[in-house]
Amino acid sequence: MPFPYNDIVLEHFKNPRNIGKLDDADGKATEGSPACGDMVSLYLKVDPETKVITDIKFESYGCASNIATGSIITELAKGKTIDEAKKITWKEASEALGGLPSIKVHCSVLAVEALRSAIQNYEEKHGLVKEKVATTEEIVRKRLKKVMNPIKGLDMVASNLVKEVEVKDGVVRIAIDLPENHQFANAIKEEALEKIESLWDVEKVIVEFAD
Amino acid sequence: MPKNYYMDNAAATRLDEQVLEAMKPYFFETYSVATSEFGYSLGIEAREALEEARSRMADFLGAGHDEFVFTSGSAESSNLALKGVAKALGAKKGKHIIVSKIEDFPVLYSARTLAKEGFKVDYLDVDEHGFVDTDMLRSLIGDETILVSIQHGNQEIGTVQDIESIGEICREKGTLFHTDATHTFRRIPLDVRSIKADLITVSAHTIHGPKGIGGLFVRKGTPLAKIMDGGFQEFDLRGGMDNIPGAVGFAKAAELVTEPENARLKEMRDRIIELVKKKIPDVTLNGDHAKRLPQNANITFHYVEGESITLHMDMYGISVSTGSACFSRSLEASHVIGAIGGDHERAHGSIRFTLGRYNTMDEVEYVVEKLQSIVENLRKISPLGKQE
C-alpha cells in the first residue's frame with residue numbers, strides 16, 4: 001500500500017516490540033511531553049555485574065515513526081552493555097528501520113534520547129558517573145531545556161519561563177515565571193524536579209513560582 | 001482494491017456521475033472558450049453555457065447574475081477577496097483588516113501577506129466553541145478598517161458563525177465583510193438577501209463537484225481590484241481561461257445537494273458523536289454541537305496521537321484526518337484547536353470525520369467499531385492516562 005513509511009517501519013508500528021513499563025526499573029527516562037507533542041518513556045533493567053541491559057521496555061504517546069523507533073531502539077539495546085547501548089545513534093536506528101521520512105526526524109529522535117537518558121539515569125543513581133563535574137547553573141539550564149512549556153510548545157528555557165537559577169552547596173533553586181496556581185505549574189515543576197534531582201551532587205531542588 | 005470508508009470530505013469529495021455527465025459536452029462538443037463569441041457560433045454556445053451556470057450559482061445564493069465570479073477554487077476566491085479589497089481601498093480608505101484566528105489558510109495567509117505589505121491585521125479571538133467575539137469585533141472596527149473576513153463554517157471543528165449578526169455589525173460600522181463559505185455552501189442556508197456579506201467564497205470540491213472550480217460572490221458596487229491579470233473575463237475581475245466544464249459541473253453539483261441529504265449527513269454526524277461517547281472513554285468533542293456543520297465531527301481521543309490513529313484506520317480502508325502536528329507537513333499543530341483554548345495535547349489526538357453523499361450509516365458503525373479497538377490498543381502502549 002502506498003504509505004509514507006516502508007514495510008519495516010509499518011511492521012514495528014503495528015507490532016511494536018518491548019512495549020510496557022518496568023515497575024522495578026533500574027533506570028528510566030521520559031523524553032518529550034504530552035502538552036507539546038510526542039513523548040516516550042523508557043525503562044531499563046541492568047545486570048549490576050556485567051552492566052548488560054537484560055530487559056528494556058518503552059511506552060509511546062506518539063506517531064508511527066515515534067512508535068517504530070521506540071520498538072527498534074529497544075531491540076538494538078537489549079543484550080548490550082550500557083556503554084555499548086549509549087553509542088547507538090539515531091542514524092543506526094533509522095537504518096535498521098530501512099529509513100524514515102526526513103520530516104519525521106524530530107519524532108523519532110526522542111526514542112534515542114530516551115535510551116541515553118535512561119542509561120544516564122541509571123549511572124547517576126548507581127554512582128557510575130565517571131567524570132564527576134560539579135553542577136553549575138549552565139548544566140541546570142541545559143537540563144531544563146528538556147522540560148517543555150505546554151503554553152508555548154517550546155522548552156521552558158527557550159520560552160523564557162526560567163527566571164533564575166542558583167546552585168549553592170548542593171541546593172538548586174529555580175525561579176519560574178509562572179504563578180503557582182497556573183494550570184501547568186505543577187506539571188512543569190514535577191518535570192523540572194525529575195530532570196535535576198538525579199544530578200550526582202544535588203541534594204535538594206527548590207522550585208519557586210512568581211507571586 | 002478493498003472497500004474505502006472515506007470520511008475526509010472536507011478535503012475533497014468523490015465526483016458525482018451526474019456532474020461528470022453534465023460536464024462532458026463541454027470537453028468534447030462545445031470546447032471553445034466564451035471569449036470567442038464574436039468569432040464563431042461555438043463560442044456563442046460556450047458563452048451561453050457559462051452564463052447559465054453563473055445564473056444558477058447566483059440563484060443558489062439569492063444573488064444577481066452579475067454578482068458571481070468563477071475562480072479556480074476557494075483559495076483563489078479568498079485571495080481575490082482580501083487582496084482585491086486591499087488593492088482597491090488600501091490607498092483610499094485605510095489599511096486595516098480584521099480576520100478571525102480560526103480562518104482557513106487562504107484567508108489567514110492572504111492577511112499575513114498583506115501585513116508584510118504594510119497593512120495592519122487584527123486577529124479576532126474565539127471562545128471555547130469557536131465562536132468569534134463580536135464585542136471585540138465591534139471595538140476593533142475603526143475608520144481605517146476596509147475589510148472583515150470571518151468564515152461561515154469552520155474547516156476543522158465545524159463551528160458555524162452567526163454571520164447574520166456579523167454582517168449587521170460590519171454594515172452598521174461601514175466596513176466590507178467577506179465570509180469563507182467553502183464548507184457551508186449548499187449545506188446550510190446562505191442567502192445574500194438576509195446575510196449582509198459583500199464577498200462570499202464558495203467551492204465545488206466540497207460538494208461532489210470537480211476540483212479546480214470555485215466562485216466569489218461580489219455584491220454589486222463592492223470595490224474590488226483584479227489580482228489575476230490576463231483577459232477581460234469574469235467582469236474583468238479575473239483574467240484567465242474560462243473553465244466552462246468546471247462552471248457547468250459546479251452548478252450541477254450545487255443543484256444535487258438537497259435538504260434531505262443534509263439531514264442524512266447530520267444524522268450520521270450525530271451517530272458518530274453518540275457512538276464514540278458511548279464506547280470510548282476520555283474523549284472531547286471539539287467545536288459546538290448545536291451550531292455545527294451537518295457533515296463534521298471532530299473528537300479528541302486523549303492519551304493517543306492522531307497520526308497513529310489515522311494510519312491504523314487506513315489499514316482498515318478508513319480515511320479521516322487529524323489536527324496533530326505529526327500529520328502536517330509544517331509540523332504545526334492545528335491553529336484552530338489552539339485558538340479554542342486547547343493545548344497541543346488536545347490537537348495531538350484530534351480526529352476529524354467529514355461526511356459526504358456516499359457515506360452510509362453502516363459505514364459509521366464500522367468506523368467507530370474499528371476506532372474503538374485502535375484507540376484501546378494505542379492507549380495500552382501510551383505512558384499517559386493510566387491509573388497509577
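Two residues are in contact if their C-beta atoms, placed from the backbone, lie within 7 Å. Keep that in mind for the whole talk. One caution as well: this is a predicted model.

Let's start with chain A. Take its contacts with a separation of 6 or more. What share of them comes from residues 24 or more positions apart? The figure is 63%.

Now the overall form. Chain A has 7 helices and 8 strands. Its C-alpha trace spans about 55 × 45 × 25 Å along the principal axes. Chain A has 211 residues, so a compact globule would have a radius of gyration near 17 Å. The value for chain A is 18 Å, which agrees. Of those 211 residues, 40% are buried.

Chain A is also split into domains. Domain 1 covers 7–125, and domain 2 covers 137–210. Their C-alpha centres lie 25 Å apart.

Next, a sheet in chain A. Look at β6, β7 and β8. They form an open sheet of 3 strands, in the order β6-β7-β8, and the pairing is mixed. Which strands sit at the edges? They are β6, residues 162–168, and β8, residues 204–210, and each pairs on one side only. On average, neighbouring strands here are turned by 15° against each other, direction ignored.

A quick reminder on sheets in general. Strands pair through backbone hydrogen bonds, either parallel or antiparallel.

Back to our strands. In chain A, β6 pairs with β7, residues 171–179, in the antiparallel sense. That pairing runs over 6 bridges.

Helix α7 of chain A, residues 185–197, lies across β7 and β8 of chain A. Helix α7 runs at about 155° to β8(A).

Now, where chain A meets chain B. How many residues are in contact? From chain A there are 22, and from chain B there are 18. The largest share comes from β3(A), with 3 residues. By class, this side of chain A has 14 nonpolar, 6 polar and 2 charged residues.

On to chain B. It is divided into domain 1, residues 17–256, and domain 2, residues 258–380. The C-alpha centres of these two domains lie 28 Å apart. Their contact takes 17 residues from domain 1 of chain B and 20 residues from domain 2 of chain B. The domain 1 side of that contact has 4 nonpolar, 9 polar and 4 charged residues.

Last stop, a single residue: B:A247. You will find B:A247 in helix α9 of chain B, residues 244–256. Is B:A247 buried or exposed? Count the C-beta neighbours inside 10 Å. There are 27 around B:A247, so this residue counts as buried. The cut-off for buried is 20 or more.

Who touches B:A247? Leave aside neighbours within four places in sequence. Its contacts are then B:L50, B:A53, B:R54, B:F70 and B:I213.

Methods:
Residues numbered from 1 in each chain as written. Chains lettered and ligands numbered in written order. Predicted model: local features only at pLDDT ≥ 70, side-chain atom pairs only at ≥ 80, totals over all residues. Pairing = 2+ DSSP bridges. Helix = DSSP H or I, 4+ residues; strand = E, 2+ residues; numbered from the N terminus. Axes fitted to C-alpha atoms, helices over the stretch in contact; angles between N-to-C directions. Nonpolar A, V, L, I, M, F, W, Y, C, P; charged D, E, K, R; others polar. Rg over C-alpha atoms; globule rule 2.2 N^0.38 Å. Buried ≥ 20, exposed ≤ 12 C-beta atoms within 10 Å, placed from the backbone. Domains from an automatic or database assignment.
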